[in-house]
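Dear colleague,

I am handing over the structure below, and my notes on it follow directly after. Please read them with the coordinates open beside you.

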Amino acid sequence: MSSGDRFDVLAGKARRAALRAAAVGVLSCLATSHAHAHAGERGHVLLLPTGYYIAGGAAAVAASFLVLALLPPRLLERVATQRLALFSLDASFCENARLLVSLLSFAAFATLVAAGFLGSRDPLSNPLPLVIWTLLWVGLALLQGLFGNLWAWINPWYGPWRVVSALLPSAVQGRRLPVRLGYWPAVVLFFGFAWFELIDPAPDDPARLAWAAATYWLFSFVLMLVYGYEDWSRRGEFLSVFFRMVSRFAVVEATDKEGRTRVNLCWPGAKLWGEAALPASGMFFLILTLSSVSFDGLSRTFFWLGLNGINPLEFPGRSAVIGIGTAGLAGMFFLLSGAYLLAVFLGERLAASRRPFWQVAGLMVWSIVPIALAYHFSHYLAALLVNGQYALVALSDPFSLGWNLFGTAGFQVGAGVVAGYESARALWNAQAAAIIGGHVLAVLIAHALAFRLHPASWRAMLGQLPLTVLMVGYTVFGLWLLSTPTAG
């Protein structure tokens, strides 16, 4: 065979290989868009100076600890107690409005479940997956962290519970959720939710999600009738528990006093200054919320897949990694819990504290709230920007019958908002700033809480030092997750 013939053969093989690779890439993208419509996917590798960002982020968190160590405790306390009054409303009016809003929310939820069963099978056209995974789990969580506990008004249980309690008082059992259970029901239910979101082969399938959502609503409603709305929503219903905890970071505060609901502005995290220590179950719940989002990012990295013997370029799909994913989700929770408890233990030893260990751990865990919010924002930002647009379209035509209820059925989704170098750079900067800012605020809150435990400034600083080291390490980990290549 001549050299020219050999060249033609090699060129033909190269062209066929390129075509096969292109086809696989297109098919993978199409499959991924349906399998992970709610997730924070990245379609590119960020070619940015990530090493500088990571080093700078770690330095910023460490520097914030040194700066805060110089501030007098009284100054932090004065800042935390500052409030700016906005307005007040009659408490009974607020209660009636809350009932009406919750009933409307229940009607909307029932419509979404019906759309899950009867509407389009495409998770980017059916409103149920888009509302639950994008607007609820991502958008509302961020709004809670900014404006306070909106979920208390719009959750789909309160209104129906009030109606049934009034019409059928015999259906309300009037029991109390045993105190010894703590937040463990919420921990178990949140782990099931995280497993369904991250490990289940098809969490975006509309019919599958409709069954899960309807079953969970009915399950929680029955337990609210048995144990009371307040008891179950405060310690058992995981969405209410999560949203309430996140809302403690918000800059809007509503308090009831003398028959009036007063709405004030405060500094981010100021409400955590006077927060009571959580029991061990509540502490583990907060850690679980952070670890699950972190594992979501880790589970699709080349590093994680390679660690489990999977070629990232030949990702076999979620159904092939259920066991690995389950172990990883649980392992991330235990690893982060162990690291946090070790940091608290070392801090108490350095501060020569005699306070009960679990009381200290249950109080200092509130500093995780801004970190959890920052990871939520960073991890799901791209999905929120794109899938939020799909939600606008789908909500106008929930059953794919050609309706245009809100005038947005013809809206053209602009996926370019997350495509291209400039968009990628803007997204990366926003995500990096959120993670670094969240950790800096976490150091500030931890500093304020440490002064509650140790009035002597040097004891507070020593007690917080190991936790600060953990936060610096987690900052590096979070920025690495944003920049490392992902698959699947």
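With 4 residues, strand S1 (residues 84–90) gives the most to a nonpolar patch, and please keep in mind throughout that this is a predicted model. The patch lies on the surface and is formed by Leu 84, Leu 86, Phe 87, Leu 89, Phe 93 and Leu 265, which together have about 550 Å² of accessible area. Of these residues, Phe 93 lies in helix H4 (residues 91–118), and it counts as exposed because its relative accessibility is 51%, where the cut-off for exposed is over 50%.

Leaving aside residues up to four places away in sequence, Ser 120 touches Ser 125, Asn 126, Pro 206 and Ser 400. With Ser 400 the separation along the chain is 280 residues, although the C-alpha atoms of Ser 120 and Ser 400 are 6.1 Å apart. The side chain of Ser 120 also reaches the backbone nitrogen of Asp 122, at 3.0 Å.

Finally, there is a hairpin to look at. Strand S2 (residues 252–257) pairs with strand S3 (residues 260–265) in the antiparallel sense, over 6 bridges, and Thr 255 stands opposite Arg 262 in S3. Between the strands of this hairpin there are 2 residues, and Glu 258 takes a positive phi near 55°.

With best regards

Conventions
Residues are numbered from 1 along each chain as its sequence is written. This is a predicted model: local features need pLDDT of at least 70, side-chain atom pairs count only at pLDDT 80 or more; totals for chains, interfaces and linings use all residues. Side-chain values use heavy atoms; hydrogens and water are left out. Patches are made of residues with over 30% relative accessible area and no salt bridge: like charges are joined within 9 Å, nonpolar side chains (Val, Leu, Ile, Met, Phe, Trp, Tyr) within 5 Å. Accessible areas come from the Shrake-Rupley method with a 1.4 Å probe; for residues, only the protein chains shown count as cover. A salt bridge is a side-chain nitrogen of Lys or Arg within 4 Å of a carboxyl oxygen of Asp or Glu. Buried means under 20% relative accessible area, exposed over 50%, partly exposed in between (1.4 Å probe, protein chains only). Contact means heavy atoms within 4.5 Å. A polar contact is a pair of N or O atoms within 3.5 Å; within protein, one must be able to donate a hydrogen and the other to accept it, and residues adjacent in sequence count only if both atoms are side-chain atoms. Two strands pair if DSSP finds at least two bridges between them.
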